[in-house]
Number of protein chains: 2
Amino acid sequence: MKLYSYPPAPSPQRVHIFMKEKGIAVPTEFIDMMKQEQLRDEYKVINPRGTVPTLVLDDGTIISEVTAICRYFEAINPGNPLFGSDAKQQAVIAEWDHRIEMELLTGIAEAFRNRGEAFKNRALPGALDIEQISELVPRGIKRINFFFEILNEQLVNNAYVAGDSFSVADITAFVCVNFAGWVKITVPEEQTHLRRWLHEMSQRPSMQP
Amino acid sequence: MKLYSYPPAPSPQRVHIFMKEKGIAVPTEFIDMMKQEQLRDEYKVINPRGTVPTLVLDDGTIISEVTAICRYFEAINPGNPLFGSDAKQQAVIAEWDHRIEMELLTGIAEAFRNRGEAFKNRALPGALDIEQISELVPRGIKRINFFFEILNEQLVNNAYVAGDSFSVADITAFVCVNFAGWVKITVPEEQTHLRRWLHEMSQRPSMQP
């Protein structure tokens with residue numbers, strides 16, 4: 001098994017925090033995304049989409065979606081489950097993890113990738129060239145602000161994002177809340193529940209930069 | 001347990017096919033999305049996001065992401081697993097199911113919701129008003145065409161989307177390929193592998209309209 005990764009970027013970060021929480025270590029090769037190494041031919045032989053991270057299993061199978069990589073690690077190392085134990089917990093965690101991806105992460109990516117030279121024709125990750133659309137920047141900002149309110153509300157009566165125990169949804173949310181800082185959005189003073197949770201998360205050993 | 005649903009729409013359709021494949025039946029109330037009943041106050045008491053489907057568990061817990069609802073059904077009814085058995089199969093299925101959602105379904109939604117009066121200010125599902133962006137229509141079309149090629153390629157050596165057994169990824173892909181028809185995209189003649197798979201899928205009892 002081998003992981004291709006670049007820990008400073010949000011998607012690989014989710015995998016690395018997950019691995020630390022589970023106590024998993026895998027041989028890792030770093031792909032410098034600042035130098036766009038993920039778009040080079042050598043890397044596209046491994047993962048034609050040119051996305052990072054990529055997990056290559058011993059039989060050559062490629063797994064390159066963060067959630068799929070984490071589920072693989074959960075399956076081979078089921079102790080301390082981060083995708084939930086019983087049916088209800090599994091569903092609530094899948095619900096929040098998916099919502100954070102579809103509503104918050106997508107919003108941040110819209111705001112982040114649709115301006116600037118660095119993401120010209122790279123407005124979406126993957127093998128397809130996608131032109132920037134400037135109207136997606138304010139749309140992304142609006143979506144981030146809205147979802148921060150949703151998270152704050154969810155954390156009024158829940159210690160963690162998906163209920164009373166730590167889960168992969170907290171990892172996804174933590175990485176996203178920090179990623180929002182890349183488009184200059186931080187948690188407002190009045191979102192005291194989201195701030196409380198963010199402070200607690202930032203104390204976890206797995207979440208140290 | 002109670003399901004709120006509208007089977008003609010793509011997201012609820014995924015849940016209904018999944019339930020048929022698993023042999024699960026749940027009391028269901030129909031929410032007529034053609035009449036925008038999902039945006040009425042009575043429904044927003046149940047699901048504030050105004051999305052369909054919604055599964056309400058006996059203790060009142062709300063599950064409203066398709067993938068989370070299906071995972072709940074899988075957990076309470078683990079026979080005939082559609083999310084995979086061993087670790088590798090689970091990861092490959094999660095990989096494809098997630099890719100189809102993020103690359104194909106999102107592309108179709110872009111092409112479908114960013115034009116016409118019916119989706120004015122409703123360019124994304126959920127509680128937030130989102131204005132249409134006309135440039136997302138051709139972008140969505142481009143993404144659909146590209147992902148059809150990916151699926152066709154994947155099906156050269158695989159009987160099903162995620163390998164040699166039927167899975168939830170086939171359900172997501174089948175619903176999406178049909179949904180693409182709503183923006184007038186059908187599988188081209190030359191994509192013979194995708195056509196072969198589509199024909200096989202359309203013979204399954206669960207996938208009858």
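These points describe a predicted model with chains A and B.

1. Residues are numbered from 1 along each chain as its sequence is written, and chains are lettered from A in the order in which they are written. Because the model is predicted, local features need pLDDT of at least 70 and side-chain atom pairs count only at pLDDT 80 or more, while totals for chains, interfaces and linings use all residues.

2. The same surface serves both copies, as 100% of the contact residues of chain B recur in chain A (contact: C-beta atoms, placed from the backbone, within 7 Å).

3. In chain A, 4 strands form an open, mixed sheet in the order 2-1-3-4 (strands are DSSP runs of E, at least two residues, and helices are runs of H or I, at least four, numbered from the N terminus; two strands pair if DSSP finds at least two bridges between them). Strand 2 (28–30) and strand 4 (62–63) of chain A each have a single partner strand, so one side of each has no neighbour in the sheet.

4. Strand 1 (residues 2–5) of chain A pairs with strand 2 of chain A in the parallel sense over 3 bridges. A:Ser5 has A:Phe30 of strand 2 as its bridge partner.

5. Chain A has domain 1 (2–76) and domain 2 (87–207), with bounds from an automatic or database domain assignment. Their C-alpha centres lie 20 Å apart. In chain A, 13 residues of domain 1 are in contact with 12 residues of domain 2. On the domain 1 side, helix 1 (10–22) and helix 3 (66–76) of chain A each give two or more residues, and helix 1 of chain A gives the largest share, 7 residues.

Methods
Copies are superposed by least squares on the C-alpha atoms of residues with pLDDT of at least 70 in both. Two residues are in contact if their C-beta atoms, placed from the backbone, lie within 7 Å.
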